[in-house]
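Here are my notes for your first look at this one. Have the chain open beside you and go through the points in order.

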Amino acid sequence: MKIDTSNVKHATSFRGQFTVRGIVIGAIGSIILTCSSTFVALKASSLPWPIMFVTLVSMFSLKALGNTNVNEINVTHTAMSAGSMVAGGLAFTIPGIFILNPDAEFKVLQIMLITLGGTVLGLIFTSLLRKHFIEDADMPYAMGQAAAELVVVGDEGGSQTKALFGSLAAAGVWTVLRDGFGKVPSLTSFNFMAKYGSSAGMWWSPMMVAVGYLIGPATITVWFIGALIGDVGILMVGQMSGLWDAATAAGIKSSMGLGWMVGVGIAITAKEIIPRAKSIFGGMFKKGQAGDAIVSMRWAPFVILALAILFIFVLDLPIVAVIITLLGAWLTTAMSAQCVGQSGINPMEVFGIFIMAIAKYCCGLTVTQAVFIAAIIAVAAGLTGDIMNDFKSGSILKTDPKAQWYGDMIGGIIGAVVAVGVMLLLVKAYGGGIFGSDMFPAAQAAAVASVVGGIANIRVFVGALIISIIVYFITPKFTMLGLGIYLPFYLSFTGFVGGALRFVVQKAAPKFSEKSTGTVVASGLLAGEGFIGVVIAIIQAISILMAG
């Protein structure tokens with residue numbers, strides 16, 4: 001999607017983009033969003049992308065203060081959103097300890113080290129990987145594109161404004177009726193597949209339809225083929241033909257999907273990252289040179305070494321497990337950048353589970369140690385997805401990535417501290433048994449706890465991993481196959497509807513497509529559901545606090 005930014009007000013200097021008022025607004029927003037995100041991740045076992053909410057809040061706040069520009073807005077919303085995904089990485093993993101042992105002690109120092117450590121690793125690797133994924137590979141990053149479109153149209157006004165804010169309002173009203181009042185359906189299930197353990201159906205989500213539209217027909221079709229392989233082929237046909245029972249089918253499906261995603265991550269690293277390692281990582285070792293990094297990274301090896309020492313002595317992790325964790329953070333941040341760039345989905349806890357399983361197999365870790373590793377990886381991967389969306393928006397708006405990275409650093413560190421504080425308050429107020437209960441189901445953390453013993457079907461996992469590496473070296477067109485296999489079918493189907501809609505629009509109404517009206521409407525749908533989703537999360541968080 002090409003967004004025209006020629007008529008908007010830019011700031012060419014770093015100081016015009018990275019402002020005191022912008023960072024103050026971003027920091028306050030990060031605190032609020034981190035609190036609400038922690039609650040919603042534990043309560044609803046999901047986490048809406050915050051980028052649309054923070055873009056709107058930043059834009060209206062700075063315009064109210066006057067004399068702003070699109071780059072200051074961009075940097076402000078970058079700082080504001082970072083803590084949300086840090087909270088998600090923590091909430092999707094750490095409660096697994098208490099699900100397995102409600103009487104476990106919440107050790108503040110250890111949890112804080114995990115959260116800050118994952119945040120710092122995410123910041124380091126995103127600085128190093130940004131150029132490859134944003135500039136060289138030029139991945140879609142649908143959320144980042146939509147945020148940039150929102151800022152541009154909001155700044156310019158004109159004919160596109162009605163299309164953007166009209167679709168935003170429509171999606172917002174729908175989300176309120178669906179999630180706030182339950183007046184419209186959330187999911188229509190395909191019962192003929194559901195009886196085989198499939199989550200098949202249509203998810204009535206304007207956001208997911210918009211993601212499919214922005215990604216485009218080609219990529220979303222590959223994603224949907226993966227869903228057909230997983231749910232129709234493995235779950236439905238496999239059980240109908242008597243090849244395996246429901247539990248075995250579910251294990252094959254998840255292991256195949258995870259194996260394919262991990263294999264793609266390894267292939268990307270081997271084919272695209274390692275050959276450019278001198279440029280990407282050179283800034284970590286050469287004085288005065290940043291290489292591909294956003295800022296000079298000569299301090300990064302010392303920080304990573306310090307984290308390794310702290311992980312060994314504070315978290316009591318074996319040296320081999322620490323090495324696996326640090327290498328795993330490198331791999332999974334690249335996987336997260338790829339996954340979010342192509343699909344808008346960031347399965348951070350899946351990446352955590354994968355590295356946790358490897359470390360546990362190699363080192364025989366305790367349950368607590370294993371979950372610690374999953375949490376470090378999930379936080380790093382979660383923050384990476386958020387930052388890459390921000391960088392895509394910044395690339396379109398011509399924002400200085402250094403200003404954005406500093407904003408993410410401030411927002412991410414604030415989020416790390418606040419997220420740990422919120423979780424500590426919950427444990428002190430209700431006890432560890434609150435996690436996994438009706439009040440806080442924490443489904444992702446429960447999944448982490450359930451697979452502490454390892455991957456369901458290791459042979460299928462390894463097979464899919466090897467095949468995906470071979471296929472990627474032949475063609476990168478099938479990178480999203482594993483995501484379709486792994487994720488719930490309704491997500492893939494709903495995204496496919498959006499991609500099919502774009503195909504029809506391009507064929508039937510080419511002028512509508514050429515004027516980018518369709519992408520403006522899709523951006524509005526993303527913004528509407530994303531904004532209202534975060535508002536509902538904040539309301540839920542406040543109501544829970546008041547009830548407590």
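Which helix holds isoleucine 470?

1. Isoleucine 470 sits in helix α20, residues 458-474. Helices here are DSSP runs of H or I with at least four residues, strands are runs of E with at least two, and both are numbered from the N terminus. Before going on, note that this is a predicted model, where local features need pLDDT of at least 70, side-chain atom pairs count only at pLDDT 80 or more, and totals for chains, interfaces and linings use all residues. Residues are numbered from 1 along each chain as its sequence is written, and side-chain values use heavy atoms, with hydrogens and water left out.

2. Back to that isoleucine. Isoleucine 470 counts as partly exposed because its relative accessible area is 49%; buried means under 20%, exposed over 50%, and partly exposed is in between, with a 1.4 Å probe and protein chains only. Together with Ile458, Val462, Ile466 and Ile474, Ile470 makes up a nonpolar surface patch with about 480 Å² of accessible area. For a patch, residues need over 30% relative accessible area and no salt bridge; nonpolar side chains (Val, Leu, Ile, Met, Phe, Trp, Tyr) are joined within 5 Å, like charges within 9 Å. Areas come from the Shrake-Rupley method with a 1.4 Å probe, and for residues only the protein chains shown count as cover.

3. Now the whole chain. Its secondary structure comes to 24 helices and two strands. There are 548 residues, and 58% of them count as buried. The accessible surface is about 20500 Å², with 67% of that belonging to carbon and sulfur atoms. Take the contacts (heavy atoms within 4.5 Å) between residues at least 6 apart in sequence: 82% of these join residues at least 24 apart.

4. How many salt bridges are there? The count comes to seven, where a salt bridge is a side-chain nitrogen of Lys or Arg within 4 Å of a carboxyl oxygen of Asp or Glu. One of them pairs lysine 392 with aspartate 138, with 2.9 Å between the closest N and O atoms. Lysine 392 belongs to helix α17 (367-397) and aspartate 138 to the loop between α6 (108-136) and α7 (142-156), so this pair ties together parts 254 residues apart in sequence.

5. Glutamate 529 and arginine 178 are both buried. They also belong to a salt-bridge network that takes in Asp179.

6. Lysine 253 and aspartate 231 form a salt bridge too, with 3.6 Å between the closest N and O atoms. Lysine 253 is in helix α12 and aspartate 231 in helix α11 (residues 217-240), so the parts tied together are 22 residues apart in sequence. Both lysine 253 and aspartate 231 are buried.

7. Take another look at the loop between α6 and α7, where aspartate 138 is placed. Most residues other than glycine have a negative phi. Aspartate 138, though, has a positive phi near 50°. Tyrosine 141 is in that loop as well, and its phi is positive too, at about 45°. Tyrosine 141 is buried, with a relative accessible area of 0%.

8. Which residues line the largest cavity? Among them are Met261, Val264, Met335, Gln338, Phe351, Thr479 and Leu483. The elements giving two or more residues to this lining are α12 (246-273), α15 (319-343) and α21 (481-486), and α15 gives the most, with four. The largest cavity holds about 110 Å³ of space, and the structure has two cavities of 30 Å³ or more. A cavity is a set of points on a 1 Å grid over the protein atoms alone where a 1.4 Å probe fits but cannot get out; lining residues have an atom within 4 Å of a point. Points are joined across faces, edges and corners, and the volume is the space filled by probe spheres set on them.

9. Last, leucine 501, which is in helix α22 (residues 489-508). Leucine 501 is partly exposed, at 44% relative accessible area.

Notes
On a 1 Å grid over the protein atoms alone, a cavity is a set of points where a 1.4 Å probe fits but cannot get out, and a pocket is an open set with protein on both sides within 12 Å along at least five of seven lines; lining residues have an atom within 4 Å of a point.
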